[in-house]
Amino acid sequence: MTRLLPAALAAALLVSPFTFAADTAPREPYGIALEGFAYPYPVHLLPVVNDGEQLSMAYMDVAAAQPNGRTVVLLHGRNFPSSYWAPVIKMLSEAGFRVVVPDQIGFGKSSKPQGELHFDTLARNTIALLDHLKIDKAEVVAHSLGGMLGVRIARAYPDRVAHLVLTAPIGLEDYRLYVPPTPTGKMIETEDKLTPEGYRKQLQTNYAIKLPAEAITPFIDARFNIKGSPDYPRWLRAFVSSGQMIYREPVAHEIPLIALPTLFIMGADDHNAPGRPLAPEALRARMGQNAELAKALAAKMPNARAEVIPNTGHLVFLEAPEKYKELVLGFLGR
């Protein structure tokens, strides 16, 4: 594996946001385990068994520059391969942390299962990875969907987590209170019809991204180049299963029960709310008040606080890297 992605992302941040030829250029097919898509550090595979199915969990394991004896586990979001953590990996490694960065089953370079995805299963897989690497306790830093998984890990395995950082997490509200259930077949049909241009607009709108257009292109490539794979239908079903998991397995009611030190880092402009277009119009405006939800939840927790970064959207660690570094390292240094 090469270290192409961080350089490409850094270059993209310097390019005009008004051109994005990649949306219309011919796409070289990727495999559904993102074969052909470069990650910033070597990728390893851990065999796991989920519901009787033999699978492989991909992960990066990055050594600290000057080890402080502590490990951070980074948990990715739904629409992003774990490679997007590259700047945070570098920041943590330089600060003395070993950094373990898995792709959860169903995502990135990990296997796409035939069965359904569940947060409890992903949590067990993550603990199995820590066991494999002989890590007794880790700091957990999570983003978006990874925040929901981080909550499940903290609740199910509190003795394995030292600190929990929830970066622009989803799941701060129970989406079932607003959105009617959607059949899996309908979701597959909708996702299959989405175009690269439509996906770009969806990311920019739903996530209030403050990055140039070219910085979003790797996320579009990671999704749409897979369409050239003969295994694309299996990838699509796994992706839709992750959406159903978000809807069917809420964690909002569990968050106030977390006792370990927790930090919410929210983008002030991030109003992402999965399923909002399917909610009755009268309810949509109530959804996605994420910064306020985080502050309200933190106030109910015994050892938590919420920090809101102005003029920042869902990709807060890429949009406000220096402030993010200050908050995360200050919190983990406690």
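A polar contact is taken here as a pair of N or O atoms within 3.5 Å, where, within protein, one atom must be able to donate a hydrogen and the other to accept it. In this predicted model, the side chain of Thr-126 reaches the backbone oxygen of Leu-122 at 2.9 Å, and it also makes a polar contact with the side chain of Gln-104 at 3.2 Å.

Thr-126 lies in helix H3, which runs over residues 119-132. With a relative accessible area of 3%, Thr-126 counts as buried, because that value falls under the 20% cut-off. Leaving aside residues up to four places away in sequence, Thr-126 touches Met-57, Val-73, Leu-75, Gln-104, Leu-149 and Ile-153.

The buried residues of H3 include, besides Thr-126, Phe-119, Leu-122, Ile-127 and Leu-130. Among the elements that cover the buried residues of H3 are strand S2 (53-62), strand S3 (71-75), helix H4 (145-156) and helix H8 (232-248). Just after H3, Lys-134 takes a positive phi of about 60°.

Elsewhere in the chain, helix H6 (residues 196-207) and helix H7 (residues 213-224) have axes that come within 10 Å and cross at roughly 125°, which means that H6 is oblique to H7. The crossing in which H6 passes H7 is right-handed. Where these helices meet, the residues of H6 include Tyr-199 and Leu-203, and those of H7 include Ile-216 and Ile-220.

Conventions. Residues are numbered from 1 along each chain as its sequence is written. This is a predicted model: local features need pLDDT of at least 70, side-chain atom pairs count only at pLDDT 80 or more; totals for chains, interfaces and linings use all residues. Side-chain values use heavy atoms; hydrogens and water are left out. Helices (H or I, at least four residues) and strands (E, at least two) are DSSP runs, numbered from the N terminus. Buried means under 20% relative accessible area, exposed over 50%, partly exposed in between (1.4 Å probe, protein chains only). Contact means heavy atoms within 4.5 Å. Axes are lines fitted to C-alpha atoms, for helices over the stretch in contact, and angles run from 0 to 180 degrees between N-to-C directions. Angles under 35 degrees count as roughly parallel, over 145 as roughly antiparallel, 65 to 115 as roughly perpendicular and the rest as oblique. A crossing is left-handed if the near helix is turned anticlockwise from the far one by less than a right angle, and right-handed if clockwise.
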